[in-house]
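This report goes through one structure part by part, for a reader who has not seen it before. The sequence and the model come first.

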Amino acid sequence: MSTAAPPKVIRQGPAPDAPPVLAEPTPRWKPVAVVLLLWLAVWWFTKGTDTLVLAGRDRTPVMDTLAAFRDRMIAGRESNPVMVVTGALADALRGTVSFLQRVISIPDDPRPVPQIGWLGVTAVATWVGYAVANWRIALLVLGTFLSFGAFGYWSHSMDLLIMVGIAVVLSLAVGIPLGILAGTNKRANSIIEPVLDFLQTMPTFVYLLPIVLFFGIGSASAVVCTLLYAVPPLIRISAHGIRTVPPTMVEVADSIGLTRWQRLLKVQLPLAKRTIIVGLNQTTLAALSMATIASFVNGPGLGKPVLDGLRINDTGTALVPGLLIVAMAIMLDRATTAASERGDIMARGGGLPPRLHRAILIGGGVLAAVAVMISRQSLWAAEFPDLGWGRAIAKGAGDVITAITDTLSPITGPFKDAITYALLNPLQAFLSESPWWLAAAAIALLAYVLGGLRALVPTVVCLAGMVFFGLWNNAMVTLAMTLVATILCMVIAVVVGVAMARKRSADLLIRPILDAGQTIPAFVYLIPCLALFGPSRFTGIVAALAYAAPVSIKLVADGVKGVSATTMEAVRSSGASTMQQIRKVQLPMAKASLMLATNQGLLFVLAMAVISGMVGAGALGYDVVIGFSRSEEWGKGFAAGATIVLLGIMIDRIARRAAEAAPDQWKRFPMRAPTGPF
Amino acid sequence: MQVSINRSLKTLAVAAVAALSVSACGGGDIDAKTSQNASANASNSAQAGKCGTINMAVNPWVGYEASAYVVGELAKSKLGCTVNYKDLKEDVSWQGFGTGEVDVVIEDWGHPDLEKKFVKDKGGDGSATDGGPNGNKGIIHWYVPPWLAAEYPDILDYNNLNKYADKFATSESGGKGQFLGADPSYVQFDEAIVKNLNLNFKVVFSGGEAASITAFQKAEKNKEWLIGYFYEPQWLFAELPLKAVKLPPYTDGCQADPAKVACDYPDTILKKFYSTKWASNAEDTGVKLVKAFQWTNEDQNIVAKYISQDKMSKEDAAKKWIADNPDKVAAWLK
């Protein structure tokens with residue numbers, strides 16, 4: 001559902017029939033192996049020295065400086081111009097949210113209920129679904145809205161819709177102009193691009209700390225966090241849309257003497273419209289997926305009941321609102337997609353006869369207006385009756401999940417130990433017990449060997465930053481976990497992705513599960529993970545996998561599918577076995593997709609580092625959590641967040657430069673798929 | 001086709017008119033309730049001691065929720081206050097005192113750093129006021145699951161811990177025994193205690209309350225070895241009476257230097273903190289109620305159990321306890 005778009009874009013890459021082998025960069029495994037062997041040799045003699053371990057609650061002067069900065073800002077709440085401006089903005093946002101809440105979600109005192117009740121809201125939403133898309137979408141909207149009420153989360157669902165709505169409107173206001181700027185002006189693009197990279201590599205938990213400082217707690221901060229998370233895909237995709245307008249069209253516009261503004265408004269924007277709507281779709285889903293994180297700062301929405309479930313250790317309680325978030329994502333995704341395709345369908349003469357369509361539109365509008373009137377008058381239409389479905393499902397699901405974890409837990413323990421002792425502990429020992437100068441030099445050398453000077457420079461900058469923030473050792477521990485998780489992620493992605501690509505039935509069965517896996521808040525599956533594996537680094541890895549694997553699986557599946565049918569026909573007729581087909585042809589030819597899947601998987605795993613810190617994985621994730629919990633550790637939490645960002649940018653840069661010679665798709669959309677909260 | 005469209009339009013129009021007329025004359029029960037509420041508000045404000053708004057911070061653990069919702073629901077139903085519950089971590093809650101976003105923190109486990117910043121006599125900006133004890137007592141210890149205490153009773157003395165250290169080893173503890181540290185919100189000296197008592201253990205942080213609770217539940221169910229930091233009041237004790245391990249007793253000043261701690265945790269008197277500005281409305285009945293509120297660990301555990309075990313909503317759990325304990329409630333409302 002939600003990630004339908006990035007693969008779509010990828011399919012626009014070079015024709016799948018082109019022999020990709022020719023475009024491959026020359027293998028650089030030999031120098032990489034040399035560097036690693038050298039590293040290992042020096043490690044052997046120096047391990048355990050200069051590891052820059054920061055014990056327990058110790059802090060560096062840099063962290064204390066950061067905390068002091070925070071204190072100064074708080075003290076200057078009334079006088080500091082930045083604080084005054086953000087304070088005023090926050091008031092405006094809070095006012096807007098609270099106004100809309102009183103319209104559809106919370107009682108508008110002295111009214112016992114909101115201005116418009118569930119019947120009215122549902123009817124209007126259904127009508128809008130029909131108006132912007134078609135009757136199928138209208139039915140989907142109707143069903144989704146009724147399920148919000150039937151499962152007992154009407155008010156929370158409306159809150160979430162309000163938050164998503166405001167964030168999307170603001171994203172459009174900010175994102176489209178910036179997208180146009182980035183698409184038409186090279187210099188602007190060179191400034192905007194790195195900022196977007198930065199925003200998209202940064203785990204959202206990390207921005208909560210500073211944003212709460214400036215915008216206060218509650219809905220204002222929640223809107224700002226959501227905006228920062230949701231706007232980058234829109235900017236990137238709008239810019240891409242403008243850039244890919246055929247140059248001949250632009251030339252024609254110039255030759256008939258249009259001014260630049262006219263060219264933009266009459267030619268470039270209309271031609272880029274479809275791509276921009278894809279961006280809108282991505283932005284909407286990204287905004288939605290911030291739901292649970294925003295609840296950490298008292299942002300209203302379905303994230304709150306999810307966190308309630310976590311608090312009483314009950315998966316069932318968290319699952320129902322979690323699934324409603326998934327339902328809302330499906331609804332918004334299908335509706336925006338259908339809306340974007342509507343123009344084409346109409347142009348081809350599809351859809352209902354215009355007169356009938358108009359009749360339904362008017363009739364439906366009248367009905368919706370009546371429903372609004374009724375829901376303003378009668379309690380039954382204003383307050384959703386308590387059906388108790390939510391509680392029943394929560395209880396049933398909770399029991400089933402407990403039964404499953406009880407059955408599995410005898411085998412999960414040994415599995416965890418096997419991976420930890422065989423893979424994680426040795427790698428962690430190698431990385432974190434290396435003297436910092438050794439690890440840093442080796443990583444920089446690897447970056448140079450793999451990606452040349454253009455990879456070396458950002459790598460050195462990031463490494464220096466990591467040393468500066470004083471959490472080097474924890475960064476290495478987190479890096480080890482991230483690498484192990486990425487390896488596991490790719491194993492899963494290749495196995496499942498190839499199965500999906502080769503068998504259509506497998507694809508149909510697995511894809512919805514992947515969609516749900518990407519959209520459901522991680523907090524829903526933390527408790528079962530804990531029940532299976534206990535608090536440990538491996539639990540953190542499993543939680544990260546649940547979030548990262550779906551994207552990688554989809555990318556691998558799409559890549560393998562892209563191998564042309566004629567090629568496969570030829571291979572089959574040569575009598576190759578299934579394993580030979582996969583190993584010798586399909587995987588090598590999908591190499592670009594595999595690399596992209598690895599890079600994305602790695603960044604997704606890293607983005608989950610903070611969540612891992614909540615289930616016993618320690619290291620940088622724990623440092624962020626502690627900074628969020630204890631005032632005196634604010635500086636440390638901020639430093640840990642910054643270090644995660646630096647790690648992410650470094651890895652991404654090395655991977656991208658290393659693949660520069662590879663097909664286009666790498667460079668074109670270095671974007672994080674939009675779903676999932678972190 | 002033409003005919004059917006016209007017909008469907010007509011049907012729609014008829015339905016619309018019918019529905020409109022129904023809603024116009026019948027129904028209307030919302031309006032009735034609205035005017036009822038409005039007059040209640042008016043009479044409420046006419047009285048001498050009226051209640052304004054209470055912005056109640058709700059910190060993320062169930063015991064806290066129990067206290068916050070009992071006070072909040074009482075203020076709503078008996079005093080007609082507007083109560084806003086705000087789900088927040090501690091640090092963020094305290095920042096809210098100065099901006100007017102938070103009026104009350106109802107259960108504070110001791111944050112000297114925050115007090116220094118926001119409480120006047122501690123050198124802060126004066127936006128927060130110490131509201132004194134809320135009646136609850138925070139008890140922190142090292143705990144083991146009940147089955148372990150029953151089968152190896154001598155484990156309840158720290159002197160014997162090293163004997164069993166290898167049993168506590170996990171994939172995380174690097175060959176030593178694993179000690180499970182807690183949610184970072186809590187004050188913890190476990191690394192120092194382990195070091196200074198020469199225990200062959202390594203502190204591994206669970207990172208969150210959910211993780212700690214699940215670990216203890218799993219350990220009891222599967223008879224696994226586990227020792228860790230835990231605390232009361234906590235709803236888990238209703239389900240799983242964890243057993244405390246005896247450490248050298250707490251004496252005044254034994255926690256003065258965090259690096260040298262080698263003693264047990266003291267019991268913490270849990271306190272209320274208010275926004276100074278809010279608490280200065282001495283005539284506000286909501287302020288009076290919050291100031292008068294005090295209850296015991298047992299009281300809180302009951303409400304926490306309603307929420308966590310019986311899966312009642314926080315509001316319903318609070319209302320049930322209020323209905324069951326009229327005497328205690330009356331004392332706060334005097």
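A:Asn313, which sits just after α14(A), takes a positive phi of about 50°. The value, like every other one here, belongs to a predicted model.

Of the 9 residues of α14(A), 8 are buried, so α14(A) is largely enclosed by the rest of the structure. The buried residues of α14(A) are A:Gly303, A:Lys304, A:Pro305, A:Val306, A:Asp308, A:Gly309, A:Leu310 and A:Arg311.

The next topic is the boundary between the two chains. Here 64 residues of chain A are in contact with 59 residues of chain B. On the chain A side, the elements that give two or more residues are α3 (61-75), α14 (303-311), α16 (354-377), α17 (379-382), α18 (389-432), α23 (522-533), α24 (537-561) and α29 (619-629). The largest share of this side comes from α16(A), with 11 residues. By class, the side of chain A that touches chain B has 32 nonpolar, 19 polar and 13 charged residues.

Helix α24 of chain A, one of the elements on that side, holds A:Pro550. A:Pro550 has 30 other C-beta atoms within 10 Å; a residue counts as buried at 20 or more, so A:Pro550 is buried. Leaving out residues up to four places away in sequence, A:Pro550 touches A:Leu514, A:Gly517 and A:Gln518. A:Leu514 lies 36 residues from A:Pro550 along the chain, yet their C-alpha atoms are separated by 5.0 Å.

Elsewhere in chain A, two helices pass each other. The axes of α4 (residues 81-104) and α7 (residues 154-184) of chain A come within 10 Å and cross at roughly 140°. An angle over 145 degrees would count as roughly antiparallel, and α4(A) and α7(A) are therefore oblique to each other. The crossing of α4(A) past α7(A) is right-handed. Which residues meet where α4(A) and α7(A) touch? From α4(A) they are A:Thr96, A:Val97, A:Leu100, A:Gln101 and A:Ile104, and from α7(A) they are A:Met158, A:Asp159, A:Ile162 and A:Ile166. This contact of α4(A) with α7(A) is made up of 6 nonpolar residues, 2 polar and 1 charged.

Chain B has 334 residues, of which 46% count as buried. Its secondary structure comes to 14 helices and 9 strands. Among the contacts in chain B with a separation of 6 or more, 73% join residues 24 or more positions apart.

Two domains divide chain B: domain 1 (50-137 + 269-333) and domain 2 (139-267). Their C-alpha centres lie 30 Å apart. Where the domains of chain B meet, 15 residues of domain 1 are in contact with 13 residues of domain 2. The elements of chain B that give two or more residues to the domain 1 side are α3 (62-79), β4 (128-144) and α12 (297-308). Of these, α12(B) gives the most, with 6 residues.

| Contact of α4(A) with α7(A) | 6 residues | 2 residues | 1 residue |

Conventions:
Residues are numbered from 1 along each chain as its sequence is written. Chains are lettered from A and ligands numbered from 1 in the order in which they are written. This is a predicted model: local features need pLDDT of at least 70, side-chain atom pairs count only at pLDDT 80 or more; totals for chains, interfaces and linings use all residues. Two residues are in contact if their C-beta atoms, placed from the backbone, lie within 7 Å. Helices (H or I, at least four residues) and strands (E, at least two) are DSSP runs, numbered from the N terminus. Ala, Val, Leu, Ile, Met, Phe, Trp, Tyr, Cys and Pro count as nonpolar, Asp, Glu, Lys and Arg as charged, and the others, Gly among them, as polar. Axes are lines fitted to C-alpha atoms, for helices over the stretch in contact, and angles run from 0 to 180 degrees between N-to-C directions. Angles under 35 degrees count as roughly parallel, over 145 as roughly antiparallel, 65 to 115 as roughly perpendicular and the rest as oblique. A crossing is left-handed if the near helix is turned anticlockwise from the far one by less than a right angle, and right-handed if clockwise. A residue is buried if 20 or more other C-beta atoms lie within 10 Å of its own, exposed if 12 or fewer, and partly exposed in between; C-beta atoms are placed from the backbone. Domain bounds come from an automatic or database domain assignment.
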